[in-house]
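Subject: Handover of a structure

Dear colleague,

Please find the structure below, together with its sequence.

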Amino acid sequence: MISYDVVEWGKPLQRQEWPTPEPTGTEVLLKLKYCGVCHSDVHIRDGYFELGGGKRFHMSDRGMKPPVTLGHEPFGTVIAAGPDAGNVPIGQDRLVCPWIGCGKCVRCLEGQDNHCMTPQWVGIQRQGGYADHLLIPHPRYLVDASGIDPAWAATLACSGLTTFSAVNQLAPIPKDEWVMVLGAGGLGLMSIGMLRALGHEKIIAVDIDPAKFAAAREEGAAATVNGRDPDALKQVQSIAGGPLYGAVDLVNSTDTATLAFAAMRKGGRIILVGLYGGEIPLSLVTVVQRALTIVGSNVGTVAELKSVVQLAREGKLRPIPIECRPLSEVSRTLDELKAGKVNGRVVARID
Ligand SMILES: [Zn+2]
Ligand SMILES: [Zn+2]
């Protein structure tokens, strides 16, 4: 098998050849067809995430040691399985849910692999999808995405799942209540799309760049507010006719989280997703008196990915513009992503 690997942090990926693995136990082997090229792989290749305030999160602290194969949005054909894998759809195409856990702990056994304390995420702790073959530990991570464009399906495993899972933690959303989406970039627009796919319409998009408001409205936001306006809180609450039911913060900076907390009604729910980073002073008594729920949301579960695929199949999610490029161009694609030169999403095509 071949893979394109980070051999040194921050350097171009290198093509490497390996013996193709043979699945044992419950393992499943896929011949990959596509792998989405996610913006977070730019940071992972560089070896760290900027957390704001001069703080960095280093991939080496997560146990990553080059050479590593990135790519956490894999899609391919199931070609082999170990003797204990059970009924495996050999010869069929499947999307892989990359957020794999240890498979043994309480969280994993209840399907909450994304909350496992010893994660085995594809393209982070395990070999990723910038390769022509991928071994996964169990067939339960395979998702049938038939009926939708496979290249699009690949991208649903990361940003689609992340936004669905975040929005889903507000459910059931009372129809007449307002939800604020903080950040109208890629994830913000997808969150608005997910809210609409779940049937919710009372959405306020907040961003500090008014140039993003047209896209937010097109995606389905009923109102937009400039978060830089000194009276942003007043604007939000006057649109909603009072405090809000919930907020999804795709930025998660001191400014956005402060606005989210100030805007909530009693029983309000704040879902924190973004990795911009920051801190806020939090009045603990206020959290009690307003019965607030604060949830950190990180990727999602296999079951949620199946729900996302189903929404796509039913035509409830708008397909995003996708450009397919050969896997050999993945390193250049990461450079272009870093330089902000990519429109829509690039998916690596693997032959
Ligand atoms: Zn990603
Ligand atoms: Zn586990």
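Helices (H or I, at least four residues) and strands (E, at least two) are DSSP runs, numbered from the N terminus.

The model is a predicted one, in which local features need pLDDT of at least 70 and side-chain atom pairs count only at pLDDT 80 or more, while totals for chains, interfaces and linings use all residues. Residues are numbered from 1 along each chain as its sequence is written, and chains are lettered from A and ligands numbered from 1 in the order in which they are written.

Helix 3 (residues 150-168) bends by about 55° at leucine 156; the bend is the angle between axes fitted to the seven residues ending there and the seven starting there. Its axis comes within 9 Å of that of helix 9 (residues 302-313), and the two cross at roughly 105°. These axes are lines fitted to C-alpha atoms over the stretch in contact, with angles from 0 to 180 degrees between N-to-C directions. The two helices are therefore roughly perpendicular, a term for angles of 65 to 115 degrees (under 35 is roughly parallel, over 145 roughly antiparallel, the rest oblique).

**The strands**

Strand 3 (residues 28-37) has eight of its 10 residues buried, so it is largely enclosed by the rest of the structure. Strand 3 pairs with strand 7 (residues 74-81) in the antiparallel sense over seven bridges; two strands pair if DSSP finds at least two bridges between them. In this pairing, valine 28 has alanine 81 as its bridge partner. Strand 3 is also joined by four antiparallel bridges to strand 9 (residues 133-136), where lysine 31 stands opposite histidine 133. Another four join strand 3 to strand 18 (residues 345-349), again antiparallel, with valine 37 opposite valine 346.

Elsewhere, three strands form an open antiparallel sheet in the order 2-1-6. Strand 2 (14-17) and strand 6 (68-69) stand at the edges with a single partner strand each, so one side of each has no neighbour in the sheet.

Definitions and conventions:
A residue is buried if 20 or more other C-beta atoms lie within 10 Å of its own, exposed if 12 or fewer, and partly exposed in between; C-beta atoms are placed from the backbone.
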